[in-house]
Amino acid sequence: MSDTLTALPAPPSLGSPKPARRRVRLPEAAALLVFLVVEIVVFSVGSPYFLSVDNFLNILTAISVTGVLAAGATVLLIAGQFDLSVGSGVAFVGLTLALAAPALGLPAAVLLSIVVGLLIGAVNGFLVTVVGVNALITTLGTMAIFRGLTVSLGEGRNIPVTGFDWAIQRPLLGIPMPVIVLAVVVAVIAVLLHQTRYGRSVYAIGSNESAARLVGLRNRGILFTAFLISGGCIVIGGLMSTSLLGSTSGTSGLGLELAAVTAVILGGTSLKGGTGTVLGTVLGLVIVGVMSNGLTLMNVASSWQNVASGCLLILAVSFDRLRQRLGARA
């Protein structure tokens, strides 16, 4: 019996083990870096003015307001939430400053603007976490409310703000102040997300809200704080935008919500929550900024720039979906 068994050929699965193939896993940002390099090459060939230090500082300055809003949006989206009221909030904070400054003085007007911006975040957070309204519906509503209030109270005028030009200064090595502010905000959000218990809680809620609740996380308080962080970013963005322009109007901040969401998704934060980094958001933001700057230097009409931005958003969402499917198969 034993001789018979010995004579049987060994099954293929029992043969000598083959060395396991190592999967080469590229960083999530690799595709974005390649896309950014392609953009830079294309626009450098298309315009002699693109590849210069001054132009790159212009790009970083131009994306600074959107970048601050996108940093706050990253926290919310990782937690599985949205804030589409950021553009209207920026306009309303600027209007508050412009209307209050002549009556109260500039310091008191700035303080009032900070309170107003934080209240916008608090209202959104209250409606979502306490009342239970969907974040998308809530912030769509507040977006319309604050845009309407800005146009109505400002009577559609362009209101100048004097003596508030801090954002046009270059206090360090010729670097514009908005770029410094953006770097500080990104650094704070990065530390918050990756070095604190609160950041880990945000990722946990975004991954599985029910499981996070079962392990004892206070989901409502954490999400409310995330909306307050978004409100803080609205404050910074509103004050910076008003300082850069020297005025505010009913059209201030139009489209910023779309630009911020585009940058966040393009940077790798999933629409389903639970994944993403603020540094990825910055990379996505730079891609959007380089595209806008390059198309402008190549004299592409603004209408076609909008088409390009829309295509970029669809591309970003498609890339997000494709990455989720590949991740599920792995």
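Let's start with Asn-219, which counts as buried at 5% relative accessibility. Buried here means under 20% relative accessible area, exposed means over 50%, and partly exposed is in between, using a 1.4 Å probe and the protein chains only. Asn-219 lies in helix H11. The helices (H or I, at least four residues) and strands (E, at least two) are DSSP runs, numbered from the N terminus.

Before going on, a word on what we are looking at. This is a predicted model, where local features need pLDDT of at least 70, side-chain atom pairs count only at pLDDT 80 or more, and totals for chains, interfaces and linings use all residues. Residues are numbered from 1 along each chain as its sequence is written, and side-chain values use heavy atoms, with hydrogens and water left out.

So which residues does Asn-219 touch, leaving aside its neighbours within four places in sequence? They are Ile-205, Glu-209, Ala-212 and Arg-213. Contact, by the way, means heavy atoms within 4.5 Å.

The side chains of Arg-213 and Glu-209 meet in a salt bridge, at 3.8 Å from N to O. A salt bridge is a side-chain nitrogen of Lys or Arg within 4 Å of a carboxyl oxygen of Asp or Glu. Side chains of opposite charge can pair when their charged atoms come close. Arg-213 and Glu-209 both sit in helix H10, residues 209-214, and they are four residues apart, about one turn of the helix. Arg-213 is partly exposed, with a relative accessible area of 48%, and Glu-209 is partly exposed too, at 34%.

How many salt bridges does the structure hold? There are two. The other pair is Arg-157 with Glu-155, where the closest N and O atoms are 3.5 Å apart. Arg-157 is partly exposed, with a relative accessible area of 42%, while Glu-155 counts as exposed at 60%.

Back to helix H11, which covers residues 219-245 and is also the place of Thr-242. Is Thr-242 buried or exposed? Thr-242 is buried, because its relative accessible area is 3%, under the 20% limit. The side chain of Thr-242 reaches the backbone oxygen of Gly-238 at 2.8 Å. Not counting residues up to four places away in sequence, Thr-242 touches Gly-94, Leu-97, Val-161 and Ser-247.

Now let me step back to the whole protein. There are 14 helices and two strands. Of its 330 residues, 45% count as buried. Among contacts with a separation of 6 or more, 78% come from residues 24 or more positions apart. The accessible surface comes to about 17500 Å², of which 68% belongs to carbon and sulfur atoms. These areas come from the Shrake-Rupley method with a 1.4 Å probe, and for residues, only the protein chains shown count as cover.

What does the record say? UniProt, in an unreviewed entry, places the feature "transmembrane region" at residues 29-50, 56-79, 135-153, 173-193, 222-240 and 278-298. UniProt positions are given in the numbering used here, feature names are shortened, and annotations may be inferred rather than shown by experiment. In the model, residues 222-240 are 100% helix and 0% strand, with the end C-alpha atoms 27 Å apart. Residues 278-298 are 95% helix and 0% strand, and their end C-alpha atoms lie 30 Å apart.

Phe-126, in helix H6, counts as partly exposed at 43% relative accessibility.

Finally, two loop residues. Leu-173 has a positive phi of about 55° although it is not a glycine. Leu-173 sits in the loop between strand E1 (159-160) and helix H8 (177-195), and counts as exposed at 81% relative accessibility. Asn-299 has a positive phi of about 60°, and is not a glycine either. Asn-299 lies in the loop between helix H13 (278-297) and helix H14 (302-329), and counts as exposed at 71%.

Definitions and conventions. Polar contact = N/O pair within 3.5 Å; in protein donor to acceptor, adjacent residues only side chain to side chain.
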